Amino acid sequence: MSKVIVMDHPLIQHKIGWIRRADTGSKDFRTLISEIAMLMCYEATRDLELTDVEITTPICATTVKELKGKKLAVVPILRAGLGMVDGMLAMIPSAKVGHIGLYRNEETLEPVEYYCKLPKDCDEREVFVVDPMLATGGSSVAAIQMLKDKGVKRIHFMCIIAAPEGVKRMQEAHPDVDVIVGALDDHLNEHGYIVPGLGDAGDRIFGTK
(Lines give C-alpha, C1' and ligand atoms only; values in the text may rest on other atoms or scores of the structure.)
Protein backbone atom coordinates (compact mmCIF):
# COMPACT_ATOMS: atom_id res chain seq x y z
CA MET A 1 0.00 0.00 0.00
CA SER A 2 1.23 3.49 -0.83
CA LYS A 3 2.32 5.89 1.87
CA VAL A 4 0.14 8.88 2.76
CA ILE A 5 2.41 11.64 4.02
CA VAL A 6 0.65 14.56 5.72
CA MET A 7 2.95 17.56 6.10
CA ASP A 8 3.20 18.92 9.64
CA HIS A 9 5.73 21.70 9.02
CA PRO A 10 4.61 24.88 10.83
CA LEU A 11 5.20 27.13 7.79
CA ILE A 12 3.08 24.88 5.56
CA GLN A 13 0.26 24.78 8.11
CA HIS A 14 0.41 28.55 8.62
CA LYS A 15 0.15 29.28 4.90
CA ILE A 16 -2.66 26.74 4.42
CA GLY A 17 -4.55 28.64 7.10
CA TRP A 18 -4.31 31.78 4.96
CA ILE A 19 -5.50 30.19 1.71
CA ARG A 20 -8.54 28.79 3.54
CA ARG A 21 -9.75 32.31 4.38
CA ALA A 22 -12.64 33.46 2.18
CA ASP A 23 -11.26 37.02 2.14
CA THR A 24 -7.83 36.07 0.72
CA GLY A 25 -7.76 37.60 -2.78
CA SER A 26 -6.47 35.96 -5.96
CA LYS A 27 -3.05 37.68 -5.91
CA ASP A 28 -2.23 36.54 -2.38
CA PHE A 29 -3.85 33.15 -2.99
CA ARG A 30 -1.60 32.52 -6.03
CA THR A 31 1.51 33.56 -4.09
CA LEU A 32 0.64 31.35 -1.14
CA ILE A 33 -0.16 28.32 -3.33
CA SER A 34 3.26 28.67 -4.95
CA GLU A 35 5.01 29.06 -1.59
CA ILE A 36 3.23 26.03 -0.13
CA ALA A 37 4.18 23.96 -3.19
CA MET A 38 7.82 25.01 -2.75
CA LEU A 39 7.85 24.03 0.93
CA MET A 40 6.07 20.74 0.22
CA CYS A 41 8.51 19.98 -2.59
CA TYR A 42 11.40 20.47 -0.18
CA GLU A 43 9.87 17.89 2.17
CA ALA A 44 8.62 15.52 -0.56
CA THR A 45 12.03 15.15 -2.21
CA ARG A 46 13.71 14.01 1.01
CA ASP A 47 14.10 10.42 -0.25
CA LEU A 48 15.53 11.18 -3.71
CA GLU A 49 18.66 9.19 -4.45
CA LEU A 50 22.07 10.86 -4.32
CA THR A 51 25.35 9.94 -5.96
CA ASP A 52 28.96 10.87 -5.24
CA VAL A 53 30.65 13.33 -7.61
CA GLU A 54 34.30 14.35 -7.67
CA ILE A 55 34.82 18.13 -7.83
CA THR A 56 37.52 20.69 -7.14
CA THR A 57 36.90 23.51 -4.68
CA PRO A 58 39.14 26.62 -4.58
CA ILE A 59 41.08 24.73 -1.89
CA CYS A 60 41.27 21.08 -2.97
CA ALA A 61 39.64 18.12 -4.66
CA THR A 62 36.72 16.58 -2.79
CA THR A 63 33.63 14.42 -3.13
CA VAL A 64 30.15 15.95 -2.97
CA LYS A 65 26.58 14.66 -3.29
CA GLU A 66 24.35 15.33 -6.29
CA LEU A 67 20.92 14.09 -7.27
CA LYS A 68 21.31 10.75 -9.02
CA GLY A 69 20.44 11.13 -12.69
CA LYS A 70 18.71 14.52 -12.17
CA LYS A 71 15.70 13.10 -14.00
CA LEU A 72 12.69 14.82 -12.49
CA ALA A 73 9.41 16.02 -13.95
CA VAL A 74 6.47 18.02 -12.62
CA VAL A 75 3.07 17.30 -14.16
CA PRO A 76 0.24 19.62 -13.10
CA ILE A 77 -3.38 18.61 -13.64
CA LEU A 78 -4.97 21.53 -15.50
CA ARG A 79 -5.92 24.03 -14.60
CA ALA A 80 -5.48 24.46 -10.85
CA GLY A 81 -2.27 22.41 -10.81
CA LEU A 82 -0.55 25.21 -12.74
CA GLY A 83 -0.54 27.24 -9.54
CA MET A 84 1.95 24.81 -7.97
CA VAL A 85 4.47 24.62 -10.81
CA ASP A 86 6.56 27.73 -10.10
CA GLY A 87 7.00 26.74 -6.47
CA MET A 88 8.17 23.27 -7.49
CA LEU A 89 10.59 24.68 -10.06
CA ALA A 90 12.05 27.05 -7.47
CA MET A 91 13.27 23.93 -5.68
CA ILE A 92 14.12 21.76 -8.72
CA PRO A 93 14.78 24.20 -11.60
CA SER A 94 16.17 21.48 -13.89
CA ALA A 95 12.89 19.51 -13.82
CA LYS A 96 10.89 19.14 -17.01
CA VAL A 97 7.21 20.09 -16.99
CA GLY A 98 4.33 18.17 -18.58
CA HIS A 99 0.61 18.97 -18.57
CA ILE A 100 -2.51 16.85 -18.26
CA GLY A 101 -5.96 18.30 -18.96
CA LEU A 102 -9.15 16.55 -17.84
CA TYR A 103 -12.81 17.51 -17.63
CA ARG A 104 -15.71 15.68 -16.03
CA ASN A 105 -18.40 14.18 -18.26
CA GLU A 106 -21.61 15.53 -16.76
CA GLU A 107 -23.54 12.35 -17.62
CA THR A 108 -21.10 9.67 -16.51
CA LEU A 109 -19.25 11.94 -14.02
CA GLU A 110 -16.04 10.30 -15.22
CA PRO A 111 -12.93 12.32 -16.16
CA VAL A 112 -12.23 12.74 -19.89
CA GLU A 113 -8.80 13.65 -21.28
CA TYR A 114 -8.63 16.76 -23.43
CA TYR A 115 -4.89 17.48 -23.30
CA CYS A 116 -1.70 15.58 -22.53
CA LYS A 117 1.80 16.83 -23.28
CA LEU A 118 4.72 15.17 -21.51
CA PRO A 119 8.52 15.31 -21.77
CA LYS A 120 9.74 12.77 -24.34
CA ASP A 121 11.71 10.87 -21.71
CA CYS A 122 9.00 11.04 -19.04
CA ASP A 123 9.14 7.27 -18.61
CA GLU A 124 12.73 7.65 -17.37
CA ARG A 125 11.90 10.36 -14.83
CA GLU A 126 10.74 10.61 -11.25
CA VAL A 127 7.37 12.32 -11.79
CA PHE A 128 5.49 14.53 -9.34
CA VAL A 129 1.83 14.94 -10.30
CA VAL A 130 0.45 18.10 -8.66
CA ASP A 131 -3.05 19.43 -8.00
CA PRO A 132 -4.01 21.69 -5.08
CA MET A 133 -7.09 19.62 -4.18
CA LEU A 134 -7.75 15.88 -3.89
CA ALA A 135 -11.54 15.67 -3.53
CA THR A 136 -13.26 12.62 -5.07
CA GLY A 137 -9.96 11.51 -6.59
CA GLY A 138 -11.41 10.95 -10.07
CA SER A 139 -9.12 13.31 -11.97
CA SER A 140 -6.01 12.33 -10.04
CA VAL A 141 -6.61 8.61 -10.51
CA ALA A 142 -7.18 9.15 -14.25
CA ALA A 143 -4.11 11.37 -14.67
CA ILE A 144 -1.84 8.84 -13.00
CA GLN A 145 -3.30 6.05 -15.13
CA MET A 146 -2.49 8.12 -18.23
CA LEU A 147 1.13 8.36 -17.08
CA LYS A 148 1.33 4.64 -16.39
CA ASP A 149 -0.12 3.91 -19.82
CA LYS A 150 2.78 5.91 -21.27
CA GLY A 151 5.33 3.83 -19.36
CA VAL A 152 5.99 6.10 -16.37
CA LYS A 153 6.89 3.99 -13.34
CA ARG A 154 8.08 6.34 -10.60
CA ILE A 155 5.12 8.56 -9.71
CA HIS A 156 4.29 10.67 -6.67
CA PHE A 157 1.07 12.64 -6.17
CA MET A 158 1.19 15.92 -4.29
CA CYS A 159 -1.78 18.04 -3.20
CA ILE A 160 -2.27 20.82 -0.69
CA ILE A 161 -5.66 19.77 0.72
CA ALA A 162 -7.22 16.29 0.55
CA ALA A 163 -10.46 14.62 1.58
CA PRO A 164 -10.30 11.12 3.10
CA GLU A 165 -12.55 9.86 0.27
CA GLY A 166 -10.03 10.97 -2.37
CA VAL A 167 -7.07 9.50 -0.50
CA LYS A 168 -8.88 6.16 -0.18
CA ARG A 169 -9.73 6.09 -3.89
CA MET A 170 -6.12 6.91 -4.82
CA GLN A 171 -4.77 4.15 -2.61
CA GLU A 172 -7.20 1.62 -4.05
CA ALA A 173 -6.48 2.57 -7.67
CA HIS A 174 -2.73 3.19 -7.37
CA PRO A 175 -1.29 1.43 -4.32
CA ASP A 176 2.22 2.04 -5.69
CA VAL A 177 1.92 5.85 -5.72
CA ASP A 178 2.74 7.82 -2.57
CA VAL A 179 0.27 10.61 -1.71
CA ILE A 180 1.82 13.75 -0.23
CA VAL A 181 -0.74 16.02 1.46
CA GLY A 182 -0.49 19.45 3.05
CA ALA A 183 -3.64 18.99 5.13
CA LEU A 184 -6.09 16.09 5.42
CA ASP A 185 -9.59 17.52 5.85
CA ASP A 186 -12.78 16.05 7.28
CA HIS A 187 -15.04 14.95 4.42
CA LEU A 188 -16.72 15.81 1.11
CA ASN A 189 -20.09 17.57 1.14
CA GLU A 190 -23.04 16.68 -1.10
CA HIS A 191 -21.61 18.87 -3.89
CA GLY A 192 -18.23 17.15 -3.86
CA TYR A 193 -16.41 20.03 -2.12
CA ILE A 194 -13.84 19.36 0.58
CA VAL A 195 -14.94 20.42 4.08
CA PRO A 196 -13.64 22.73 5.52
CA GLY A 197 -11.51 23.10 2.36
CA LEU A 198 -11.08 26.43 0.61
CA GLY A 199 -13.65 26.43 -2.21
CA ASP A 200 -12.65 26.01 -5.86
CA ALA A 201 -8.87 26.30 -6.11
CA GLY A 202 -8.86 27.00 -9.85
CA ASP A 203 -11.36 29.84 -9.54
CA ARG A 204 -9.43 31.36 -6.66
CA ILE A 205 -6.05 31.10 -8.41
CA PHE A 206 -7.27 32.63 -11.66
CA GLY A 207 -9.96 34.96 -10.28
CA THR A 208 -12.78 33.33 -12.22
CA LYS A 209 -15.25 32.73 -9.41
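K168 and E172 form a salt bridge in this predicted model, a salt bridge being a side-chain nitrogen of Lys or Arg within 4 Å of a carboxyl oxygen of Asp or Glu. The closest N and O atoms of K168 and E172 are 2.7 Å apart. Both residues belong to helix α5 (residues 164-173), where they sit four residues apart, about one turn of the helix. Helices (H or I, at least four residues) and strands (E, at least two) are DSSP runs, numbered from the N terminus. E172 has 53% relative accessibility and counts as exposed; the classes are buried (under 20% relative accessible area), exposed (over 50%) and partly exposed in between, with a 1.4 Å probe and protein chains only.

The model is predicted, so local features need pLDDT of at least 70 and side-chain atom pairs count only at pLDDT 80 or more, while totals for chains, interfaces and linings use all residues. Residues are numbered from 1 along each chain as its sequence is written, and side-chain values use heavy atoms, with hydrogens and water left out.

A search of the whole structure gives 13 salt bridges. One of them joins K15 to E35, with 2.8 Å between the closest N and O atoms. This pair links distant parts of the chain, 20 residues apart: K15 is in helix α1 (residues 10-20) and E35 in helix α2 (residues 26-44). K15 is buried at 17% relative accessible area, whereas E35 is partly exposed at 27%.

E49 and K68 also form a salt bridge, at 3.6 Å from N to O. E49 lies in the loop between α2 and β2 (50-56) and K68 in the loop between β3 (61-67) and β4 (72-78), so the pair ties together parts that are 19 residues apart in sequence. E49 is exposed at 54% relative accessibility, and K68 is exposed at 52%.

Elsewhere, salt bridges link K71, D121, E124 and R125 in a network.
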